[in-house]
Amino acid sequence: MPVTVLLVDDESLVRAGLRAVLAAQPDIEVVGEAADGAAVIPLVRQLRPDVVAMDVRMPLMDGIEATRAVLRTVSDPPKILVVTTFENDEYVYEALRAGADGFLLKRARPAEIVHAVRLVAEGESLLFPASVRQLAAEYGDGGGNPAARAAMERAALTEREAEVLRLMARGLSNAEIAGRLIVGTETVKSHVSAVLAKLGARDRTQAVIAAYESGFVAPG
């Protein structure tokens with residue numbers, strides 16, 4: 001089955017460009033478009049896309065609020081990939097905090113766009129880990145978020161789970177973590193699932209953000 005994608009951007013040229021790149025792939029299908037975040041929820045419910053590629057800045061409802069709204073109101077929500085002009089942008093970090101699974105630069109090359117959609121859909125690796133680390137260093141309270149620290153303490157990760165979370169924060173995929181720890185991929189998946197459950201994180205991106213904001217992992 002192809003990865004289905006909903007495009008949300010107030011610039012029609014951006015949507016057309018993304019559609020042209022993604023529709024050329026045999027394993028990706030663009031199922032719809034919208035010009036503002038306010039239209040996302042009904043379209044997600046109607047089309048059930050695997051991934052929403054959404055501009056972070058739009059006039060009526062921006063990508064941050066639209067992300068919150070989707071995750072708050074839609075059962076089994078899609079992966080959300082925020083699309084942005086600027087990489088080192090507080091809006092991007094706030095979108096990740098709100099629950100987005102990754103971000104994509106509008107100037108990205110076609111191969112990077114396709115890779116981002118596939119990676120976010122698979123959910124087994126962190127998209128642009130160095131950029132997420134840089135954003136966390138600049139906007140993530142320097143590990144001084146009391147709520148994040150308390151949540152990390154309550155999680156009471158085992159030594160192996162803590163090791164897996166640190167490797168996740170470095171951007172390693174499940175297969176790469178398995179190779180590093182000399183265990184099976186299914187064992188790593190079990191550890192990742194346990195980390196997400198204990199942290200109350202919907203995916204590895206949110207777990208990594210929590211790790212940075214709690215000071216469990218230093219973003220530098």
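Helices H4 and H6 are roughly perpendicular to each other in this predicted model, because their packing angle of about 100° falls within the range of 65 to 115 degrees that counts as such. Helix H4 covers residues 90-98, helix H6 covers residues 129-139, and their axes are 10 Å apart.

**The contact of H4 with H6**

- From H4, the residues that make the contact are Glu90, Val92, Tyr93, Leu96 and Arg97.
- From H6, the contact is made by Val132, Leu135, Ala136 and Tyr139.
- Sorted by class, this contact has 7 nonpolar residues and 2 charged residues, with no polar ones.

**Nonpolar cores**

- The largest nonpolar core has 55 residues.
- Within this core, the residues with the most contacts are Val8, Met54, Leu165, Met168, Ile177 and Leu199.
- Helix H8 supplies the largest share of the core, namely 6 residues.
- Another core lies apart from it and has 22 residues, among them Leu22, Ile28, Val51 and Ile113.
- Residues up to four places away in sequence being left out, Met54 touches Val8, Val40, Gly63, Ala66, Thr67, Ile80, Leu81, Val82 and Val83.

**Salt bridges**

- A search of the whole structure finds 17 salt bridges.
- In one of them, the side chains of Arg19 and Glu33 meet at 2.6 Å, N to O.
- This pair links distant parts of the chain, since Arg19 belongs to helix H1 (residues 12-23) and Glu33 to strand E2 (residues 28-34), 14 residues apart.
- Arg19 has a relative accessibility of 31% and therefore counts as partly exposed; Glu33, at 31%, also counts as partly exposed.
- The side chains of Glu163 and Arg160 form a salt bridge at 3.2 Å, N to O.
- Glu163 and Arg160 are separated by about one helical turn, because they stand 3 residues apart in helix H8 (residues 159-169).
- Glu163 is partly exposed, its relative accessible area being 32%, and Arg160 is partly exposed at 31%.
- A further salt bridge joins the side chains of Asp203 and Arg202 at 3.6 Å, N to O.
- Asp203 has a relative accessible area of 6%; this value is under 20%, so Asp203 is buried.
- Arg202, by contrast, has a relative accessible area of 32% and is partly exposed.
- Salt bridges also link Asp9, Glu11, Asp55 and Lys106 in a network.

**Residues with a positive phi**

- Most residues other than glycine have a negative phi.
- Arg48 is not a glycine, yet its phi is positive, at about 50°.
- The place of Arg48 is the loop between helix H2 (40-47) and strand E3 (51-55).
- With a relative accessible area of 37%, Arg48 is partly exposed.
- Ala156, although not a glycine, likewise has a positive phi of about 50°.
- Ala156 is located in the loop that runs between helix H7 (146-155) and H8.
- Ala156 has a relative accessible area of 52%; this value is over 50%, so Ala156 is exposed.

Methods. Residues are numbered from 1 along each chain as its sequence is written. This is a predicted model: local features need pLDDT of at least 70, side-chain atom pairs count only at pLDDT 80 or more; totals for chains, interfaces and linings use all residues. Side-chain values use heavy atoms; hydrogens and water are left out. Axes are lines fitted to C-alpha atoms, for helices over the stretch in contact, and angles run from 0 to 180 degrees between N-to-C directions. Helices (H or I, at least four residues) and strands (E, at least two) are DSSP runs, numbered from the N terminus. Angles under 35 degrees count as roughly parallel, over 145 as roughly antiparallel, 65 to 115 as roughly perpendicular and the rest as oblique. Contact means heavy atoms within 4.5 Å. Ala, Val, Leu, Ile, Met, Phe, Trp, Tyr, Cys and Pro count as nonpolar, Asp, Glu, Lys and Arg as charged, and the others, Gly among them, as polar. A salt bridge is a side-chain nitrogen of Lys or Arg within 4 Å of a carboxyl oxygen of Asp or Glu. Buried means under 20% relative accessible area, exposed over 50%, partly exposed in between (1.4 Å probe, protein chains only). A nonpolar core is a set of buried Ala, Val, Leu, Ile, Met, Phe, Trp, Tyr and Cys residues joined through side-chain atoms within 4.5 Å.
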